[in-house]
Protein chains: 2
Amino acid sequence: MESTDKPAPEPQKAAPPPEAAAPVPPPESKVPDRFVVADVVLRVILFAAAVTAVVVMVTGNQTKHVPVPRVAVPEKFNYSPAFIYFVAALSVAGLYSIVTTVISILALFKPGCSTKLLPHFVIFDVLILGIVAAATGAAGAVAYIGLKGNSHFGWAKICNNYHKFCQHLAASVAVSLFAAIVLVLLIILSAFSLSKKIPPRRDSDIRK
Amino acid sequence: MESTDKPAPEPQKAAPPPEAAAPVPPPESKVPDRFVVADVVLRVILFAAAVTAVVVMVTGNQTKHVPVPRVAVPEKFNYSPAFIYFVAALSVAGLYSIVTTVISILALFKPGCSTKLLPHFVIFDVLILGIVAAATGAAGAVAYIGLKGNSHFGWAKICNNYHKFCQHLAASVAVSLFAAIVLVLLIILSAFSLSKKIPPRRDSDIRK
């Protein structure tokens with residue numbers, strides 16, 4: 001009886017450690033899921049915003065028969081380097097959002113890997129934010145000169161002649177500002193998602 | 001024998017979990033110090049860059065006796081809304097860097113509190129990055145029109161007459177671009193600092 005009892009408790013001893021370790025993962029496994037879902041949604045919104053901004057900017061070409069100069073005078077986005085940079089920046093943001101949405105959806109099915117992904121997401125999100133914010137500023141500044149002119153520098157306003165062109169500019173800049181805000185939210189989400197995974201050990205250790 | 005064997009394994013079961021948790025904290029206490037020092041250094045650099053950008057922009061006023069119009073024609077940064085926004089944005093970034101440098105230095109002496117600080121630093125760093133990047137883009141776009149003009153929109157270049165003004169503009173935009181890069185590095189540093197504090201529990205659990 002004793003010889004048969006001794007081997008029996010060994011599997012019982014081996015069993016408890018996984019039981020003790022088991023209660024810790026469940027709260028964690030819920031947290032990344034919620035954050036990853038928000039991440040996916042924000043990235044889809046970012047994609048929509050980037051595509052909208054590019055399409056609105058590119059389709060803003062307007063040709064007007066101005067009486068003051070000679071004949072038909074077109075206005076296109078690629079007449080200003082700021083607008084070319086804007087289209088390039090938002091196109092990059094759109095492509096980036098496709099790639100990261102796919103990665104983020106894959107991370108939904110592998111809850112463990114989001115911890116490794118998030119710092120890398122932050123790096124690229126921050127770079128894209130810098131590019132998109134600078135593009136918004138550049139296009140906004142040029143569009144503002146187009147709208148108001150600048151009498152000190154001798155730059156005449158052009159929006160009194162090109163309503164459609166300027167409406168597209170304004171809409172495009174507004175959408176890209178929205179895309180920049182979405183990127184800010186994505187970075188803040190990643191930072192909080194990371195901070196939620198840090199156990200509050202140090203405080204509890206000191207209090208004990 | 002059977003009745004005494006059963007209670008004995010229970011204290012043995014309770015003992016392993018604290019031993020397993022104990023070795024994790026020591027590497028953590030070293031990590032934040034190194035990251036916080038880098039954080040303080042980057043914030044001091046950010047302050048220097050922001051102040052330099054503002055001073056260079058504000059001191060760029062130039063008055064020129066142009067023969068073509070009438071008399072002395074000054075060029076000042078506050079003739080363009082983009083430059084006013086630029087000065088405001090970089091001033092905010094400079095003030096923000098002072099406040100956060102002080103907080104970051106205080107965090108050096110309290111290693112435990114950096115975990116709570118970092119997500120908040122990321123939020124405000126990202127907002128300031130958006131503001132500074134947009135200001136850099138706006139000022140850069142207007143400065144580029146000043147340098148090259150835009151024949152399509154009928155905007156003449158002004159930098160052939162105002163060398164000093166344009167040199168200050170260019171230097172100021174370059175320094176604010178540097179400040180934006182420093183902010184990007186600060187956010188990446190915070191993200192990695194947060195990710196280093198997450199224990200690699202999940203992987204070790206799966207491998208066991």
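Student: Where do B:Arg43 and B:Asp39 lie?
Tutor: Both are in helix α4 of chain B, residues 25-58, four residues apart, about one turn of the helix. Keep in mind that this is a predicted model.

Student: What do the side chains of B:Arg43 and B:Asp39 do?
Tutor: They meet in a salt bridge, 2.6 Å from N to O.

Student: Are B:Arg43 and B:Asp39 buried or exposed?
Tutor: Buried, both of them.

Student: Which residue does B:Asp125 form a salt bridge with?
Tutor: With B:Arg43; the closest N and O atoms are 2.9 Å apart. That pair links distant parts of the chain, since B:Asp125 sits in helix α6 (residues 114-148) of chain B and B:Arg43 in helix α4, 82 residues apart.

Student: Why does B:Asp125 count as buried?
Tutor: Because its relative accessibility is 0%, and buried means under 20%.

Student: Over to chain A. Which residues are joined into one network by salt bridges that share partners?
Tutor: A:Asp39, A:Arg43 and A:Asp125. Within it, A:Asp125 and A:Arg43 meet at 3.0 Å, N to O. A:Asp125 lies in helix α6 and A:Arg43 in helix α4, so this pair ties together parts 82 residues apart in sequence.

Student: How many salt bridges over all chains?
Tutor: Four.

Student: New topic: the nonpolar surface patch. Which helix gives the most to it?
Tutor: α5 of chain A, with six residues. The patch covers about 740 Å², and its residues include A:Phe47, A:Leu95 and A:Ile103.

Student: Where is A:Phe47, and why does it count as partly exposed?
Tutor: A:Phe47 is in helix α4 of chain A. It counts as partly exposed because its relative accessibility is 33%.

Note on methods: Residues are numbered from 1 along each chain as its sequence is written. Chains are lettered from A and ligands numbered from 1 in the order in which they are written. This is a predicted model: local features need pLDDT of at least 70, side-chain atom pairs count only at pLDDT 80 or more; totals for chains, interfaces and linings use all residues. Side-chain values use heavy atoms; hydrogens and water are left out. Patches are made of residues with over 30% relative accessible area and no salt bridge: like charges are joined within 9 Å, nonpolar side chains (Val, Leu, Ile, Met, Phe, Trp, Tyr) within 5 Å. Accessible areas come from the Shrake-Rupley method with a 1.4 Å probe; for residues, only the protein chains shown count as cover. Helices (H or I, at least four residues) and strands (E, at least two) are DSSP runs, numbered from the N terminus. Buried means under 20% relative accessible area, exposed over 50%, partly exposed in between (1.4 Å probe, protein chains only).
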